[in-house]
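Let's take a friendly walk through a protein model together. Have the sequence and the 3D view ready, and follow along strand by strand.

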Amino acid sequence: MFYARSAVVVARDLLGKELSHVTDEGETAGLIVETEAYLPDDPACHGYRGETHRTRAMFGEPGRAYIHFNYGVHWMCNVVAGKAGVGTGVLIRALEPTRGIDLMTTRRKGSGSRSHRVEQLTSGPGKLTQAMGIDNDCYSLPFWGGVLTIRDAGVIPESITVSRRIGISKGKTSPLRFHVTG
């Protein structure tokens with residue numbers, strides 16, 4: 001299975017795939033252009049301290065959504081990777097919007113966003129979940145079918161940049177952030 005591999009491998013291989021979310025308002029989708037891997041021995045990983053009620057999805061079946069509320073401000077969308085019971089995953093950090101751009105813009109305006117350029121709609125993990133309508137209702141949903149999907153879009157990035165993770169205080173020196181160059 002695609003997701004039953006190291007979070008580092010899955011993080012790289014998710015680049016160029018399409019994330020789609022269907023709600024009553026319509027469908028939104030975009031190509032994944034930035035990810036971050038979180039490993040079980042990594043103090044920045046929510047699975048580091050073991051399974052809790054909050055993190056149970058992260059310890060579940062690979063390929064499911066681990067959604068969490070970050071600093072009481074934004075929802076974050078992660079893909080469970082590796083083996084069930086381990087607690088590892090990949091944060092989807094940014095998308096290139098492909099469908100439902102008007103709906104994404106409406107959702108971002110509703111959040112008080114002043115920038116409505118397409119390039120800014122999903123240029124960070126919090127913006128991405130706002131624009132896509134992803135919240136705790138998506139917790140533990142599978143990405144292989146249903147309302148939340150990741151599919152092969154036939155896009156293979158020409159170049160991938162690897163860097164340190166950003167926006168965290170622990171484990172920030174690890175080169176576990178991947179993005180499509182340019």
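Strand 1 (residues 18–23) pairs with strand 6 (residues 148–151) in the antiparallel sense, over 4 bridges. Within this pairing, Glu18 stands opposite Arg151 of strand 6. Two strands count as paired if DSSP finds at least two bridges between them. Strands themselves are DSSP runs (E, at least two residues), helices are runs of H or I with at least four residues, and both are numbered from the N terminus.

What you are looking at is a predicted model, in which local features need pLDDT of at least 70 and side-chain atom pairs count only at pLDDT 80 or more, while totals for chains, interfaces and linings use all residues. Residues are numbered from 1 along each chain as its sequence is written, and side-chain values use heavy atoms, leaving out hydrogens and water.

**From strand to strand**

Strand 1 also runs antiparallel to strand 2, joined by 6 bridges. The two form a hairpin with 2 residues between them, and Thr23 has Gly26 of strand 2 as its bridge partner. Strand 2 (residues 26–38) pairs in turn with strand 5, again antiparallel, over 9 bridges. One of the contacts here joins Gly30 to its bridge partner Pro97 in strand 5.

Strand 5 has another antiparallel partner, strand 4 (residues 74–81), with 4 bridges between them. Asn78 finds its bridge partner in Leu91 of strand 5. The hairpin of strand 4 and strand 5 has 6 residues between the strands, and Gly82 takes a positive phi near 80° there.

**A pocket beside the strands**

The second largest pocket holds about 300 Å³ of space. Among its 15 lining residues, Val33, Leu95, Glu96, Val180 and Gly182 are the closest to its centre. A pocket is an open set of points on a 1 Å grid over the protein atoms alone, where a 1.4 Å probe fits, with protein on both sides within 12 Å along at least five of seven lines; lining residues have an atom within 4 Å of a point. The volume is the space filled by probe spheres set on the points, which are joined across faces, edges and corners.

Strand 2, strand 5, helix 3 (118–121) and strand 8 (177–180) each supply at least two lining residues. Strand 2 gives the largest share, 4 residues.

**Aromatic rings**

Rings of Phe, Tyr and Trp (its six-membered ring) pair if their centres lie within 6.5 Å; planes under 30 degrees apart count as stacked, over 60 as edge-to-face and the rest as tilted.

| Pair | Centre to centre | Angle of planes | Type |
|---|---|---|---|
| Tyr66 and Tyr139 | 6.3 Å | 70° | edge-to-face |
| Phe69 and Trp75 | 4.6 Å | 50° | tilted |

Tyr66 lies in strand 3 (residues 65–70) and Tyr139 in the loop between helix 4 (125–132) and strand 6, so their pair ties together parts 73 residues apart in sequence. Tyr66 is buried at 1% relative accessible area, and Tyr139 is buried at 15%. Phe69 is partly exposed at 38%, and Trp75 is partly exposed at 26%.

Technical notes. Buried means under 20% relative accessible area, exposed over 50%, partly exposed in between (1.4 Å probe, protein chains only).
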